[in-house]
Amino acid sequence: MGERPHYTEIDHTADVGVELRAHDLVSAFERAGACMFDLICPLDEIGSGWSRRVTVEGRSGDLEHLMIRWLSELLYLFTSEQVLLSRFEIEELDVGGRIVAVVHGEKMDAARHAVRVEIKAATYHSLRVDETPEGWVVRVIFDT
């Protein structure tokens with residue numbers, strides 16, 4: 001089962017968003033994935049017996065673009081393979097535009113998993129991936 005990350009839901013007309021904080025950039029990307037799946041189905045209801053290595057390419061130096069590509073790839077696994085993800089282990093994060101990670105979860109089982117929010121996409125609207133003196137702040141609005 002995945003550990004539920006701390007995040008704040010953002011009220012947004014017809015959509016849902018999150019804002020989270022992390023001590024480093026790797027944790028910020030891992031938590032963003034966890035937050036998205038926690039919105040879809042509580043992470044504490046998702047096992048971790050399934051895993052896949054994921055590589056995501058973005059534009060060099062554009063962390064916002066890389067965040068959208070990351071979340072989009074994770075969402076693609078959910079929609080195409082019906083996999084709920086619960087754990088995210090980033091092995092390589094290059095601000096030049098590349099992520100290599102192993103993601104863990106399980107196949108969706110309608111008898112055990114209730115989808116709370118149907119997320120269609122992560123959007124650029126109000127997107128934020130910023131370093132602050134206290135760490136990293138990420139804000140993402142999801143199209144529902």
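## His113 and its surroundings

Let's start with a histidine: the side chains of His113 and Glu106 are joined by a polar contact of 3.0 Å (a pair of N or O atoms within 3.5 Å; within protein, one must be able to donate a hydrogen and the other to accept it, and residues adjacent in sequence count only if both atoms are side-chain atoms). A polar atom of the His113 side chain also lies 3.2 Å from the backbone oxygen of Glu45. His113 sits in the loop between E5 and strand E6 (121–132), and is buried, with a relative accessible area of 3% (buried means under 20%, with a 1.4 Å probe and protein chains only).

This is a predicted model, where local features need pLDDT of at least 70 and side-chain atom pairs count only at pLDDT 80 or more, while totals for chains, interfaces and linings use all residues. Residues are numbered from 1 along each chain as its sequence is written, and side-chain values use heavy atoms, with hydrogens and water left out.

## The sheet

An open sheet of 3 strands has the order E3-E5-E4, with antiparallel pairing (two strands pair if DSSP finds at least two bridges between them; strands are DSSP runs of E with at least two residues, helices runs of H or I with at least four, numbered from the N terminus). E3 and E4 are the edge strands, each pairing on one side only.

Strand E4 (residues 83–94) and strand E5 (residues 98–107) are joined by 10 bridges. Across this pairing, Phe88 stands opposite Val103, and Ile90 has Ala101 as its bridge partner. The two strands form a hairpin with 3 residues between them, and Gly97 in the turn has a positive phi of about 115°.

## Helix H1

H1 covers residues 25–40, and its end C-alpha atoms are 23 Å apart, which agrees with the 22 Å that its 16 residues should span at 1.5 Å a residue (the expected span is 1.5 Å times one less than the number of residues). Of those 16 residues, 13 are buried. Where H1 starts, a side-chain oxygen of Asp24 comes to within 3.3 Å of the backbone nitrogen of Val26.

## The core

The largest nonpolar core has 48 residues, and Phe37, Met67, Trp70 and Phe142 have the most contacts inside it (such a core is a set of buried Ala, Val, Leu, Ile, Met, Phe, Trp, Tyr and Cys residues joined through side-chain atoms within 4.5 Å). Elements supplying at least two residues each include H1, helix H2 (63–81) and strand E7 (135–143).

Leaving aside neighbours within four places in sequence, Trp70 is in contact with residues including Phe29, Phe88, Ile90, Ala101 and Val103 (contact means heavy atoms within 4.5 Å).

Technical notes:
Buried < 20%, exposed > 50% of the residue type's maximum accessible area, 1.4 Å probe, protein only.
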